[in-house]
Amino acid sequence: MNTGLYIHIPFCRSKCIYCDFYSTPAMGAMERVVEGIIAEYGYRRDEIAAPFQTVYIGGGTPSVLPANLFSRLIDTIDLTGVEEFTIEVNPEDVTTESVAFWRSLGVNRISMGVQSLRDPILTFIGRRHSANQAIAAIDLLSQGGIANVSVDLIYGLPGLSVDDWKEDLRRVLSMPVTHLSAYCLSWYEGTRLHKMWRQGRTEPVDDDIIDGQFSALQQIAVQHGFEHYEISNLARPGFQSRHNTAYWNPDSRWLGLGPSAHSFDGTLRRIDDSRISSWLDRLPYPCDIDEEDAIDRLNDNIVTALRTSHGLDLSKIPSKYKKQIIADAEPSLRAGHIELSDDHLRIPAHHWLTSDTIIRQLIILH
């Protein structure tokens, strides 16, 4: 079981066209939000009884925080026993000085949003860095002593061919990178990308291209010694994200702080208010209970576990639901879209792109 702390820094200099995470360019609120997170931490830290093993600071873009605010925040947190300390950064914020500063705070893992090594695509999606900046940033992190570097890339992007994607993968995975998060572009309603699609200014790429890019991801990752352990996550042996893996394990616990952050204490899920103004007004307890019953929690487990190479551990499922799940899985088992072995249901990796359809068949209805 992992116990983790997640802190959401809701600030970005600009918003990428595909992003539906909560963020704002209102940098003037930074100090109030940091002080608010510190107050929330002081009030809620005992919701998770065990010491934190992992800390993850995400966003938004945590690397936009000024050094004094970052230090103020981290100095408040009890890092005793923390084994994995991750912050998300953008390439344009990576310098020799910033890397040394992050290390001085105890950070030992960096997750960097590269997204593409194609400058026209980076401009199209609203990124502020170039491909050369991203490559230089990876080198700076390695030279600065960060031995655990995760890179985000996106496939299914308009204008990105299968051959382009293969080339980008080979370049990234040949660098000092230990982890790769590879996401298929999502066209979320409410994003600028979705609006552009509705206006006829762009359109989703063909499924055949996405299939080809996903297959290339699996093949090239193996060639470079990476294990595909979750639909969107691959790592060198021993470098799986401990913090994010906890979200897919029903036995794990985590405390989420900051606007829009989520928490789970083993019984209750809590969601922080996502608007900075109302989140500040509600401190030191700015969250709501996400009402769940046993079936909701079981369905959460089904959905998350079947996205991983580990699969769904049926030995931990109550017997009456276990029988129902196996019966509902029978058509997919016959078709080879899901496998049953060692009391685990697993979706073979080559079927992960269609996993939503497979998983929907196993959802327990109230």
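Me: Is strand S4 (residues 109-115) largely enclosed by the rest of the structure or exposed, and why?

Reply: Buried means under 20% relative accessible area, exposed over 50%, partly exposed in between (1.4 Å probe, protein chains only). Seven of the seven residues of S4 are buried, so the strand is largely enclosed by the rest of the structure. On one side sit Arg109, Ser111, Gly113 and Gln115, and on the other Ile110, Met112 and Val114. This is a predicted model: local features need pLDDT of at least 70, side-chain atom pairs count only at pLDDT 80 or more, and totals for chains, interfaces and linings use all residues. Residues are numbered from 1 along each chain as its sequence is written, and side-chain values use heavy atoms, with hydrogens and water left out.

Me: How many bridges join strand S3 (residues 84-89) to S4?

Reply: Strands of a sheet pair through backbone hydrogen bonds, either parallel or antiparallel. Two strands pair if DSSP finds at least two bridges between them. Here four bridges join S3 to S4, and the two run parallel. Val89 has Met112 as its bridge partner in S4.

Me: Which strands form the open sheet, and in what order?

Reply: The order is S13-S15-S14, with antiparallel pairing. S13 (312-313) and S14 (339-341) are the edge strands, each pairing on one side only. Three bridges join S14 to S15 (residues 344-346). Glu339 stands opposite Arg346 in S15.

Me: What are the helices and strands named here?

Reply: They are DSSP runs, numbered from the N terminus: helices are H or I, at least four residues, and strands are E, at least two.
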